[in-house]
Amino acid sequence: MEKPDSETVLKLYTSDELETLSDADIVEIREYQAFTILLKSENSDAYFCIPEVDDYDIPQRISNEAISDELIYLPNVRYKIFGFSQGRNPEIIQTVPLTPGYYTIRLYTNDQWFFAYWRIIPKDLSQEEWQAIRDDVEAKVRGLAMDYTTRKRTQVRRLRGGKFELYLDDDTTFLIAQSSRIRFAVEKLRNEAKFRISKRYSWVPSGSSNDTDQLTIRKIGERPDKQNQLYSPIRYLEYNIAINQWLKLIINTITKTCESQSAYLASVQAELDIQYAEEERFKGNRTDSEIAFTKNSYESTHSQIVSNMQALLKLSRYLSIVLQDEFLASVDLPANRIFPKGLMLNPQYNLLYKIYYGLRHQDKHYTTDAYYSRYWKKTAKLYEIWTYIKVLDSLINSGYRPISGWIYDSATVLPFLDDETTVILKGDDVTLQLAFNQAIPHDEKKVTKQMPLMIYARKNKPDIRLDIFIKEDLYLGSIILDAKYKNLKALMRERNEGFAGVAEQFRAYRNDPDSPLLHIPQAIKPKPVDAVIVLYPDKPDKEEAIINRQNSVTYMQLKPGVGDSNLSRILEQHITNVFGRSNYLETL
């Protein structure tokens with residue numbers, strides 16, 4: 001493995017040891033650091049695979065089904081896993097940064113498999129800070145910190161230190177992993193259905209073939225009018241007993257979960273289709289490897305969702321048939337939801353109850369299959385989502401009440417924070433509108449209450465925009481925030497060296513917006529945007545909340561445990577400033 005300033009030889013293991021190794025035993029590469037992998041071998045039949053990077057467009061990697069059904073890398077070829085394209089005639093390089101986590105190389109040579117590992121660590125966050133960001137996002141919306149792709153890996157290693165360390169993170173993956181065990185247990189119980197012998201009585205003509213018992217004798221004395229008749233018992237198999245009632249409840253629960261998860265996946269797929277179509281619209285602004293990664297990721301995700309839906313449908317149909325079996329069709333659901341301890345002695349009931357319990361308590365998901373895991377989002381995107389959540393929570397903690405938008409509109413929340421998502425919050429005298437990644441229009445005709453600004457500059461899509469209103473619909477002004485997954489030194493260097501991206505972007509956000517909805521006399525009319533706040537994490541060892549102001553732009557450090565109080569204070573300060581404009585409104 002080669003970095004620009006060093007070369008490292010990866011240690012080979014004869015078995016998959018990822019779970020047993022300490023982090024000190026695994027080579028680490030910082031996120032956004034260029035590196036290559038080279039297998040030196042005299043064996044021309046040798047090759048290796050890296051399952052976790054299949055969606056990335058690695059130059060010179062090949063597909064050869066005669067050798068393997070995986071994408072393979074040949075010996076004595078220098079593979080550039082990540083790098084930056086530079087110069088007038090740039091070489092073809094994979095430019096999509098790898099997500100923090102563990103990566104496995106599976107090497108085949110001389111009829112034997114070997115394993116080697118490396119890990120990607122965050123660039124401008126410590127491992128603990130990255131995990132805290134991930135956990136905060138997951139706490140707001142489960143699954144939001146993850147991409148929806150599920151990849152079968154050599155072995156999954158959990159990232160230590162976070163709250164969400166489960167191999168399986170949702171009911172879909174949990175049920176699919178358990179489906180064969182569910183079927184086995186249900187079939188065994190189906191073939192060994194429990195019952196008790198019960199009696200049903202009726203008056204029948206006297207005859208030698210009729211059964212009699214003590215109740216029959218007693219009824220003869222009680223009913224002299226029933227001459228030549230007997231109150232005879234008919235014995236039958238009764239399945240409406242506690243053990244079958246619980247089996248029906250468990251199967252019902254699993255079936256309904258399959259159906260609800262299938263509907264949920266259909267909604268997820270519809271959302272992914274919309275996102276991919278949007279990505280396709282702007283692919284001209286992206287590198288070839290970014291376009292390939294987006295396409296491959298979308299296709300593998302689509303394939304995985306379809307496969308999951310089919311698996312859920314298959315399990316649901318099977319269990320629906322079981323519910324029609326004679327021994328379950330007439331069975332009631334248990335009146336008492338306390339599981340009979342005696343049933344725990346039966347291994348099949350024990351297994352099904354644990355699955356039932358796991359569905360009711362997601363933190364109790366368990367599995368013997370450690371091969372499936374979903375990918376975390378790219379850190380830059382994760383930080384952007386996290387900052388929006390932090391701004392939202394800061395406003396809520398300051399007393400503003402969320403009343404609509406995003407997670408406040410629906411009981412079923414999909415794991416997405418889409419562009420143009422908006423949350424409306426109410427204060428005593430103020431209404432706030434917090435928008436995520438919403439482009440500001442260039443055309444005055446497109447200005448509305450939902451988008452009160454227009455802008456003349458090319459840079460027109462801030463990460464976060466906070467609009468302030470009085471009496472719900474009288475616009476007062478806005479605050480713009482932008483999340484940059486960079487350290488302050490890099491931001492200042494780009495700004496001072498006149499990089500078109502950062503310098504132009506922040507100046508445009510502060511100076512260029514206008515609003516026909518801001519009804520203040522022209523002579524004293526302020527700029528609609530009261531402040532531009534740039535949020536950045538800085539280096540992992542920077543523990544002090546740094547605020548730096550340059551040309552009406554505030555640069556503020558924000559990462560787990562650092563900057564929360566500053567964010568709340570500065571937001572409230574600018575909201576108060578904007579609210580003060582209400583004294584100059586021409587119409588109230």
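Okay, let's start with phenylalanine 184: at 55% relative accessibility it counts as exposed, where exposed means over 50% relative accessible area, buried under 20% and partly exposed in between, with a 1.4 Å probe and protein chains only. Phenylalanine 184 sits in helix 2, residues 171-191.

Quick housekeeping. This is a predicted model, so local features need pLDDT of at least 70 and side-chain atom pairs count only at pLDDT 80 or more, while totals for chains, interfaces and linings use all residues. Residues are numbered from 1 along each chain as its sequence is written, and side-chain values use heavy atoms, with hydrogens and water left out. Helices (H or I, at least four residues) and strands (E, at least two) are DSSP runs, numbered from the N terminus.

Four strands make an open sheet in the order 3-10-9-5, with mixed pairing; two strands pair if DSSP finds at least two bridges between them. At the edges you've got strand 3 (27-30) and strand 5 (47-49), each pairing on one side only. Strand 9 (residues 101-109) and strand 10 (residues 112-121) pair in the antiparallel sense over nine bridges. Look for tyrosine 103, which stands opposite tryptophan 118 in strand 10.

On to the rings. The whole structure has 24 aromatic pairs; rings of Phe, Tyr and Trp (its six-membered ring) pair if their centres lie within 6.5 Å, and planes under 30 degrees apart count as stacked, over 60 as edge-to-face and the rest as tilted. So what kind of pair do tyrosine 47 and tryptophan 113 make? Their centres are 6.0 Å apart and their planes are at 90°, so it's edge-to-face. Tyrosine 47 is in strand 5 and tryptophan 113 in strand 10, 66 residues apart. Tyrosine 47 is buried at 6% relative accessibility, whereas tryptophan 113 is partly exposed at 28%. There's also a cluster linked by ring pairs: Tyr32, Phe82, Phe84, Tyr383, Trp386 and Tyr485.

The axes of helix 4 (residues 242-281) and helix 5 (residues 288-323) come within 9 Å and cross at roughly 160°. Those axes are lines fitted to C-alpha atoms, for helices over the stretch in contact, and angles run from 0 to 180 degrees between N-to-C directions. Helix 4 and helix 5 are therefore roughly antiparallel; that's over 145 degrees, with under 35 roughly parallel, 65 to 115 roughly perpendicular and the rest oblique.
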